[in-house]
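Please read it alongside the sequence and the coordinates.

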Amino acid sequence: MQRRQLLKSMVSLGAGSLLLNTPFNALAKVNSPQQAVNFKLLFNQALVSHPELIGFANVEDNFQPQVLSIEGVLPKDLVGTFYRNGPAKHERGEARYQHLFEGDGMLQRFTFSDGKIKHQGKFIATPKFQKEQQAQRFLYSGPETIIQQPLPVSNADMINTANTNIIAVGNDLWALWEAGSPTKVDEQTLEYKGQINLGAGGKYQNSLQGLPFSAHPKIEANGDIWNFGLNATGHVVLYHLAANGQVKNVGLINAEYHGGMLHDFLITDKHLLVILPSLNVGHSSDKNRQGLFSRIEFDQNQPMRVLVISKVDLSIQKQYELPAGFAFHYGNAWEEKDGTIRFDASLYANVDVLQNLSNIMQGNMDNANTDAKTVLFTLNPNGTAMRNVMDLNSEFPRICNHLTGLRNQYLYQLSSSHNSLWSDTVCSLNLETGKQDSFDFGKDYQVEEHIIVCPKKVEGTGYLIGTALHVPSKRTCLNVFKADDLASGPMARAWLSHHLPLGFHGNFKHA
Ligand SMILES: [Fe+2]
């Protein structure tokens with residue numbers, strides 16, 4: 001695509017018209033009475049009989065810095081900061097969001113230094129958060145929840161909650177959502193610094209402002225950042241940034257995808273893989289469920305599509321069709337010399353999980369458990385594809401960062417041993433031998449994403465770190481495992497004096 005034509009297309013997708021097509025804007029216009037059902041009351045009633053719902057309870061205030069009490073011994077070469085992000089402001093006044101993905105983002109920072117761990121939690125003071133904090137009520141409808149007399153939304157960043165992931169870019173942190181801009185946060189103070197206009201100061205100028213930027217960028221070993229964003233028109237914007245966040249290249253493909261949600265993607269050393277699950281946005285017959293997530297439907301007859309896109313010119317090189325499926329997350333992809341591409345997914349048989357994350361927020365525990373399984377895919381150069389479904393339920397797959405897009409041997413992920421509401425087990429899978437190593441926290445814990453930290457950049461070494469909520473004591477702990485011996489349990493565990501809301505993704509920044 002010629003640059004002039006590309007820029008024209010970007011502008012047509014940009015802040016001025018983007019929201020005209022999005023479900024967000026449609027929601028803001030719905031003149032519906034606020035929650036005929038009191039979801040806040042329902043949730044808090046359910047919390048009494050289901051204390052395991054505590055991780056979905058509202059958080060009122062920031063968590064002040066505290067030094068954690070440590071069991072075991074921290075490794076000396078694990079020095080730096082572990083950042084996590086997730087939704088935490090689920091309620092204001094009598095209103096409660098009806099889906100887990102809607103709450104305002106809160107950062108959790110764990111600083112590893114001098115054999116100690118210090119924690120601090122802080123809401124990201126986005127424009128939305130600041131206005132609603134001042135008004136002491138929700139002012140905007142969310143992707144799912146329709147509030148009473150919502151303010152109009154003219155661009156996605158007005159309701160950007162920055163609640164899904166956090167990466168370090170240069171000397172800043174970028175808190176990531178997926179329907180709008182990255183949000184810049186001060187690394188020292190965790191203060192909000194602004195929504196990033198990616199093209200500013202470069203050849204793209206303001207043409208990228210407000211475009212969707214997913215929460216799952218892939219960072220290559222050289223520091224380059226690749227990402228995508230799904231537009232409601234069915235187009236996918238593709239980004240290639242330098243390590244400091246400067247835009248190197250941007251592309252636009254017409255994926256003709258109308259599933260309403262596209263959460264993650266993959267890279268190899270030569271290509272981007274945009275994987276389109278078997279989803280469509282339909283109509284809900286339930287008058288209390290007219291939001292975007294309620295209307296996303298699984299289509300058993302719609303194959304998953306894989307678009308293989310050149311990193312050089314961001315054009316589609318090839319397409320594959322896979323059996324119908326849905327995944328939030330992929331671990332990694334790599335390419336062999338003959339062009340064979342391999343990747344893994346935490347694959348769901350349908351999209352029921354999306355509804356379950358809504359049910360839980362409303363205190364409805366029916367069918368609360370929906371498991372994804374690890375599936376290994378092979379895309380052959382002749383256009384055929386194969387998949388190997390492992391007998392391993394999994395979510396939040398991670399690999400050693402320095403191998404992103406390159407062949408990895410180990411996959412680290414969460415699993416479930418007790419039919420839990422959230423995960424309860426961490427495990428590693430050796431993709432070459434099939435050997436698994438795992439640690440079951442027990443039914444009292446809700447285990448969040450664990451990430452692999454490799455100080456020596458040698459796969460199989462290093463530490464697996466992550467948080468877990470201990471339901472009976474209502475406290476969260478941070479766990480440090482030896483990556484090559486999960487079964488022995490954490491070598492160190494650091495306890496907060498309270499619990500944290502269940503969040504999504506995090507990353508470690510070495511000191
Ligand atoms: Fe995610």
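Strands β23 and β24 (residues 373-379) run antiparallel and are joined by seven bridges, where two strands count as paired if DSSP finds at least two bridges between them. Helices and strands are DSSP runs numbered from the N terminus, helices being H or I of at least four residues and strands E of at least two. The model is a predicted one, in which local features need pLDDT of at least 70 and side-chain atom pairs count only at pLDDT 80 or more, while totals for chains, interfaces and linings use all residues. Residues are numbered from 1 along each chain as its sequence is written.

**The sheet around β23**

- Strand β23 is mostly covered, since seven of its eight residues are buried; a residue is buried if 20 or more other C-beta atoms, placed from the backbone, lie within 10 Å of its own, exposed if 12 or fewer, and partly exposed in between.

**Helix α3**

- Phe 39, Lys 40 and Phe 43 are buried in helix α3 (residues 39-49). They lie on the same side of α3 because they cover an arc of only 100° around the axis, an arc formed by the directions from the helix axis to the C-beta atoms.
- The other side of α3 carries Gln 45, Val 48 and Ser 49, which are exposed.
- The buried residues of α3 pack against β4 (91-92), β5 (95-96) and α6 (352-361), a contact being two residues whose C-beta atoms, placed from the backbone, lie within 7 Å.

- Not counting residues up to four places away in sequence, Leu 238 touches Phe 228, Val 250, Gly 251, Ile 253, Leu 272, Ile 309 and Leu 314.
- Ile 253 lies in strand β15 (residues 247-254) and counts as buried because it has 20 C-beta neighbours inside 10 Å.
- With neighbours within four places in sequence left aside, the contacts of Ile 253 are His 235, Val 236, Leu 238, Leu 307, Ile 309 and Ile 316.
- The C-alpha atoms of Ile 253 and Asp 484 are separated by 41 Å, the two residues being 231 residues apart along the chain.

**Two positive phi values**

- Most residues other than glycine have a negative phi.
- Phe 396, a residue other than glycine, has a positive phi near 50°; Phe 396 lies in strand β26 (residues 395-398) and is buried, with 23 other C-beta atoms within 10 Å.
- Lys 457, also a residue other than glycine, has a positive phi near 55°; Lys 457 lies in the loop between β30 (445-453) and β31 (463-470) and counts as exposed, with 12 C-beta neighbours inside 10 Å.

**The chain as a whole**

- The secondary structure comes to six helices and 34 strands. The radius of gyration is 21 Å, close to the 24 Å that the globule rule gives for 511 residues, so the chain is as compact as a globular protein of that length; the radius is taken over C-alpha atoms, and the rule is 2.2 Å times the number of residues to the power 0.38.
- Taken along the principal axes, the C-alpha atoms fill a box of roughly 60 × 60 × 45 Å.
- Buried residues make up 51% of the 511 residues.
- Of the contacts in the chain with a separation of 6 or more, 58% are between residues 24 or more positions apart.
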